[in-house]
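Trainee: Please walk me through this structure feature by feature, giving me the idea of how to read each one and then the case at hand.

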Amino acid sequence: MAVRTLAGLAAGSLAGCAVLPPGFDVLGGGKHTDTVLTGYVGTVVADEPQAALTGRDVLAHGGNAADAATATALALAVTLPSRASLGGGGACIAARPGEAPQSFLFLPAAPQNAASSATAGTRPAAVPMTPRGLFLMQLRYGSVEFADTMQPAIALARNGITVSRAFGADLAAVHSALLADETARNTFTRAEDAVLQDGDSLSQPQLANFLERISHVGVGDLYNGALGAIYAESVSAAGGALDVAVLRTALPAQVPSLQVTSGRNTAYFLPPPADGGYGAASMVRNGGSAQGAVAAWRAAHAAGGNGTDLVAAAQAALDSGARGNGVLGALPASTSLVVTDRQGGAVACALTDGNLFGTGRVAPGTGVVIGASPAHGPQPLLGAAIVQSRGTLRGALASSGQNDAADALGAGTQAVLQDAALPHEGSGRLNAAVCRGGTCIGETDPRGTGLATGDAR
């Protein structure tokens, strides 16, 4: 099958050769870029350092937490596509001072179209939810145009990145299966066909074109326009059998967050289907195992649900004091990020491809790692939380680490509520920002390879 590509559809390459070149217009529309802020600008914590630095630069140029979180997540699609590709999805929780945090759910979706279900392909693909989900969150909480937040990711993809230890470890873990795909092999190998390692350079011009097309035409082009047809055809050629009609109905949701009150503090969590948040909330409120609470929830709600009805059911389960002691099977990989700004805003997100490197295929001509359909495997534990004290930010947290992700989030949230040091135990990984007196200090898991940044520029 011939696959259309984006060659020639996007604008020319961006100038510069560094991660973010000197003088580069971080927020591409020119807004907030006249001066670089001094002093405390906020914090950015992520599992991949180049993405964290991208978010830091957005804050330093006047962007708020939602702008920086969006730019960081899009950068992760370039620097850590093994866990945060545009072909996957995730969930974010966002807050402004004095307002209850809202949750944005855009988990990788299984195609609901009858034609797609009948011909799922050899490697069933997810409906890509990350671009639309980030767009909705940034539209509601951001301060610039969404296209502006895309410019750093475009520069990273076109000018090249240095493969980090985090990405190098993922490549090493699955290189045999990944490199069986010709497009993935052409993307993620050296000239001698050896898989890239940390310290190597990687440029992704096709992914840059894909991102640039969205920045010029809009996110709707992927879901209702020509770009959607290109992507669906490309995914199908790679064994994913994605139908264009499915893209049109792929909608993220903005819903209330779960709440747990402790004295003057309230902890807000992502609700199901991002049920790592539910597990962590159950651990904080009712004790026991966060993974066990999720196992009980999934067993009782196998039929699913949607929107505010599902949030209400999860809140009622929390308030009932119910615990769970089940165990989940092996769960897919994910990654997380946390951003706070100098105004007291915060965003925490968990992202996933539904599997490490999704389907193990790159959509030809687009540079996008194809997310794996959740219809053919379990959902990961996506968890994030924001803690406020009478509307003032106390902390923001997000976690990864497969089966222990929810327990890591629960333990970290308990530490913030108790004004204690963040724990780093088990196989879960925690990214967090702890706030006192209007200033937040970022912390990434010391056992990982992430970065916490945000000092004065």
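Trainee: Let's start with a single residue. Which residues is Ser282 in contact with, leaving aside its neighbours within four places in sequence?

Mentor: Ser282 is in contact with Gly287, Ala293, Leu318 and Ala322 once those sequence neighbours are set aside. Please keep in mind from here on that this is a predicted model.

Trainee: Where does Ser282 lie, and is Ser282 buried or exposed?

Mentor: Ser282 belongs to helix 13. To judge burial, take the relative accessible area and compare it with the cut-off: under 20% means buried. Ser282 has a value of 1%, so it counts as buried.

Trainee: Now the chain as a whole. How many helices and strands are there, and what share of the residues counts as buried?

Mentor: The protein chain contains 16 helices and 17 strands. It has 457 residues, of which 60% count as buried. Another thing to read is how far along the sequence the contacts reach: of the contacts between residues at least 6 apart, 72% join residues at least 24 apart.

Trainee: How should I think about the interior?

Mentor: In soluble globular proteins, nonpolar side chains tend to be buried together. Here, the largest nonpolar core has 80 residues, and those with the most contacts inside it are Leu171, Phe188, Tyr231, Leu337 and Val347. Helix 2, residues 65–79, gives the most to this core, contributing 11 residues. Apart from that core lies another one of 49 residues, including Leu270, Ala281, Ala350 and Val416.

Trainee: What does Tyr231 touch, not counting residues up to four places away in sequence?

Mentor: Tyr231 touches Gly87, Pro128, Phe210, Leu222, Leu242, Ala363, Thr366, Val368 and Ile370.

Trainee: On to charges. How many salt bridges does a search of the whole structure find?

Mentor: The search finds 11 salt bridges. For each one, read the N to O distance, then ask where the two partners sit. In one of them, Arg83 and Asp170 meet through their side chains at 2.8 Å, N to O. Arg83 is in helix 3 (residues 81–84) and Asp170 in helix 7, so to speak distant parts of the chain, 87 residues apart. Both Arg83 and Asp170 are buried.

Trainee: Which parts of the chain does the pair of Arg361 and Asp181 tie together?

Mentor: Arg361 lies in the loop between strand 10 and strand 11, and Asp181 in the loop between helix 7 and helix 8, so their pairing ties together parts 180 residues apart in sequence. Their closest N and O atoms are 3.8 Å apart. Arg361 counts as buried at 13% relative accessibility, and Asp181 counts as buried at 10%.

Trainee: What about Asp275 and Arg298?

Mentor: Their side chains form a salt bridge at 2.8 Å, N to O. Asp275 sits in the loop between strand 8 and helix 13, Arg298 in helix 14, and they are 23 residues apart. Asp275 is buried, with a relative accessible area of 5%.

Trainee: Which backbone details deserve a look?

Mentor: Check omega for cis peptide bonds and phi for positive values. The bond from Pro272 to Pro273 is cis, with omega near 10°, and Pro273 is found in the loop between strand 8 and helix 13. Gln402 is not a glycine, yet has a positive phi of about 50°. Gln402 lies in the loop between strand 14 and helix 16 and is partly exposed at 30% relative accessible area. Asp419, also not a glycine, has a positive phi of about 55°. Asp419 is in the loop between helix 16 and strand 15 and is partly exposed at 47%.

Definitions and conventions
Residues numbered from 1 in each chain as written. Predicted model: local features only at pLDDT ≥ 70, side-chain atom pairs only at ≥ 80, totals over all residues. Heavy atoms only, no water. Core = buried A, V, L, I, M, F, W, Y, C linked by side-chain atoms within 4.5 Å. Buried < 20%, exposed > 50% of the residue type's maximum accessible area, 1.4 Å probe, protein only. Helix = DSSP H or I, 4+ residues; strand = E, 2+ residues; numbered from the N terminus. Contact = heavy atoms within 4.5 Å. Salt bridge = Lys/Arg side-chain N within 4 Å of Asp/Glu carboxyl O.
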